[in-house]
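Visitor: Hi! I've got a structure to look at and I'm new to this. Can we go through it together?

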Amino acid sequence: MDARMFGLETPLMAALQHLLDVPDGDAGAGGDKAGAVAASGPTRTYVRDARAMAATPADVKELPGAYAFVVDMPGLGTGDIKVQVEDERVLVISGERRREEREDAKYLRMERRMGKFMRKFVLPDNADMDKISAVCKDGVLTVTVEKLPPPEPKKPKTIEVKVA
């Protein structure tokens, strides 16, 4: 599918389209037939992660005492979803949706997205890294990151003046 069909001819969309059009066999360095040309291109891991991030929509809400990250995850169980914090401030939501394999059934149409998914969010400075919770209910994952209480304003120190 071409982004021009929808009037999306921005440089960002062109870069995303380029990343999504790279076949798995052409991405990556080391041992490829293309040699030096492939070494300058994106790695297979980068392309896989870019595809996973582009296909995982999320809502981010700021509440009075917390931040909420909401991601639709229909049909996934807790074993298929991973929530972790990298580099002390990056929230990573990832996992994989696998296709159910049965020998007595064949697919006539496959429209639901299968494969890996991932989103990364840089958390603000006032996020409490010790108070992160994740709940998946009715196919919707909600990750809540509590906010740190605001620092108390410093009170001025009063110094007694002595008269000599």
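Visitor: Let's start with one residue. Is Glu86 buried, partly exposed or exposed?
Guide: Keep in mind that this is a predicted model. Glu86 has 28% relative accessibility. Buried would need under 20% and exposed over 50%, so Glu86 counts as partly exposed.

Visitor: OK, and which side chain does Glu86 meet in a salt bridge?
Guide: That's Lys120, with 3.9 Å from N to O. Lys120 counts as partly exposed too, at 36% relative accessibility.

Visitor: Where do Lys120 and Glu86 lie along the chain?
Guide: Glu86 is in strand 3, which covers residues 81-86, and Lys120 is in strand 5. The two are 34 residues apart in sequence, so their pairing ties those parts together.

Visitor: How many salt bridges does the whole structure have?
Guide: The search turns up 2. Besides the bridge of Lys120 and Glu86, there is one where the side chains of Glu62 and Lys147 meet, at 2.6 Å from N to O. Glu62 sits in strand 1 (residues 59-62) and Lys147 in strand 7 (residues 140-147), so to speak distant parts of the chain, 85 residues apart.

Visitor: And Glu62, buried or exposed?
Guide: Glu62 is exposed, with a relative accessible area of 56%.

Visitor: What else is Lys147 up to? Which ring does it lie over?
Guide: Lys147 lies over the face of Tyr67, 4.9 Å from the ring centre.

Visitor: Switching to rings, then. How many aromatic pairs are there?
Guide: The count is 1. It is made by Phe69 and Phe121, whose ring centres are 4.8 Å apart. Their planes are at 45°, so the pair is tilted.

Visitor: Why does that pair tie together separate parts of the sequence?
Guide: Because Phe69 is in strand 2 (residues 66-72) while Phe121 is in strand 5 (residues 115-122), which puts them 52 residues apart in sequence. Both Phe69 and Phe121 are buried, by the way.

Visitor: Last one: where does Ser94 lie?
Guide: Ser94 is in strand 4, residues 90-97. Ser94 is buried, with a relative accessible area of 12%.

Visitor: Which residues is Ser94 in contact with, leaving aside its neighbours within four places in sequence?
Guide: Ser94 touches Asp80, Ile81 and Lys82, and also Phe117 and Met118.

Notes:
Residues numbered from 1 in each chain as written. Predicted model: local features only at pLDDT ≥ 70, side-chain atom pairs only at ≥ 80, totals over all residues. Heavy atoms only, no water. Phe/Tyr/Trp six-rings, centres within 6.5 Å; stacked < 30°, edge-to-face > 60°. Helix = DSSP H or I, 4+ residues; strand = E, 2+ residues; numbered from the N terminus. Buried < 20%, exposed > 50% of the residue type's maximum accessible area, 1.4 Å probe, protein only. Lys NZ or Arg CZ within 6 Å of the ring centre and 35° of its normal. Salt bridge = Lys/Arg side-chain N within 4 Å of Asp/Glu carboxyl O. Contact = heavy atoms within 4.5 Å.
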